[in-house]
Amino acid sequence: MAGTESTNGFLKNIGSTEAIKAEAGNSPALAKPIVSNSHIHIPPNFSAFETIGQAVELAANEGINVLGTGNYYDFSVYKGFADECLAKNIFPLFSTEIIALEKELQAENIRVNDPGNPGKYYICGKSITKFEEFTPRAAELNKRIRDNDALRMTEMAAKMADYFAGFGVDTKLDDQAVIARVVKRHNCKPETVTLQERHLAQAFQEVFFELVDADSRAAKLAEIFGTEPKADINDAVGIQNEIRSYLMKAGKPCFVEESFVTLAEAQEYIEELGGISCYPTLADGSKVPCEYETPVENLIDTLKKSNFPMLEFIPNRNTPEVLEQYVTAVRNAGLVVIAGTEHNTLALDPLEPKCVGGKDIPAKVQEIFHEGICVLAAHQFLCANGEAGFPQRYKDASDKESVIEEFRKIGTVVLNRNNI
């Protein structure tokens, strides 16, 4: 595979949709096993990687042949991601991630898939294809989401700077200074940066370490946090996490209220981008199971009513037993399932999804994940070539299993033709 003029160009060069469908009708098998990861974050999103090239190189070294990214909210970086993947014979999947809030769930204290914030949803839009030229509605929603995030980060950075200065640590940081640090670190354009809390925490930790000598840090942080730091005083990442916990979360001195779209608006945005609404599932990834996800039968009913045809797991949060319980129940209910790793911290863990402690994913669960990856590849191919995608076909079908099987077969041909 080779680089492309447009991000989706390779999807238009695989073959005609008629030829792909005809080949899929012969029930093809995969030319070689799928080793996939449906969800990583890449720079300049906060992630484990310094560059996109590093992420793809590590994936190739692990034998991963299908790799998906799901950034907030600038998609211009996907061209570089696609070219890096294609050069390594890795099939790239393009996605996005959106945060939404349902106030009724918040009022009822029901946690969805954010264990600390009732009513707050993380939602993925998988295999998006209409991101290089937005529809008017997608542009409107994207602007509102990004503007809300940017305003919050501006206010939070100012609060953080004032708060640190109040304890004699004048960081001279604001949102633009933090963006400049991200740009320098990842050699990217400022307009591609969507600041996240982790970016702020990293910047303030780094400047704090520059301004306060090692022998004085514990005492100074105890003043700033209002309690003794629990992390090792030389553990930069640990201190970043404590800056977020003690200063930036709800009820803490530098917290700024977030403004969210609704679940319906988030799903509308995904539809406008030509993607699949996908629910990221915690299961036992939360120490106390989230009410929205417990028991799994209730989760399935709720997701069906909310028009989610797909779920994603991050298995390194889950035990094999709970992962198998959830994935098999969800798949038996007629929903598609995939798996990723996120890599949205500085921890440079393996890219092949595994369960807690590096334990293998159960074989029958792995088969379900493989099917889901084929569905994503098929959807991305068909939509890029102007045909109806998976959500449209799935929603209108009386026999949803036949649609899943059709997309699995098409995805198998698409992946085979890309020499995965």
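**Reading a predicted model by its definitions**

Q: Where is the place of proline 44?
A: Proline 44 has its place in the loop between strand 1 (36-40) and helix 2 (52-61), where helices (H or I, at least four residues) and strands (E, at least two) are DSSP runs numbered from the N terminus. The peptide bond that leads from proline 43 to proline 44 is cis, with omega near 10°.

Q: What kind of model is this, and which pLDDT do local features need?
A: This is a predicted model, in which local features need pLDDT of at least 70 and side-chain atom pairs count only at pLDDT 80 or more, while totals for chains, interfaces and linings use all residues. Residues are numbered from 1 along each chain as its sequence is written, and side-chain values use heavy atoms, with hydrogens and water left out.

Q: Why is glutamine 196 called buried?
A: Buried means under 20% relative accessible area, exposed means over 50%, and partly exposed lies in between (1.4 Å probe, protein chains only). Glutamine 196 has a relative accessible area of 16%, and is therefore buried. This residue is found in the loop between helix 6 and helix 7, and, leaving aside neighbours within four places in sequence, glutamine 196 is in contact (heavy atoms within 4.5 Å) with Asn45, Phe46, Tyr72 and Met153.

Q: Is asparagine 109 buried or exposed?
A: Asparagine 109 has a relative accessible area of 52%, so this residue is exposed. Asparagine 109 lies in the loop between helix 4 (103-107) and strand 4, and its phi is near 60°, a positive value in a residue other than glycine.

Q: Why is glutamate 342 called buried?
A: The relative accessible area of glutamate 342 is 8%, so this residue counts as buried. Glutamate 342 has its place in the loop between strand 7 (336-339) and helix 13, and its phi, near 70°, is likewise a positive value in a residue other than glycine.

Q: Why is the pair of tyrosine 279 and phenylalanine 308 called edge-to-face?
A: Rings of Phe, Tyr and Trp (its six-membered ring) pair if their centres lie within 6.5 Å, and planes under 30 degrees apart count as stacked, over 60 as edge-to-face and the rest as tilted. The ring centres of tyrosine 279 and phenylalanine 308 are 6.0 Å apart and the planes stand at 70°, so the pair is edge-to-face. Tyrosine 279 is in strand 5 (residues 276-281) and phenylalanine 308 in the loop between helix 11 (296-305) and strand 6 (310-313), 29 residues apart, and the pair links these distant parts of the chain. Both tyrosine 279 and phenylalanine 308 are buried.

Q: What makes the charged end of lysine 400 count as sitting over the ring of tyrosine 394?
A: A charge sits over a ring if NZ of Lys or CZ of Arg is within 6 Å of the ring centre and within 35 degrees of the ring normal. The charged end of lysine 400 is 4.7 Å from the centre of the tyrosine 394 ring and sits over that ring. Elsewhere, arginine 217 lies over the face of phenylalanine 209, at 4.0 Å from the ring centre.
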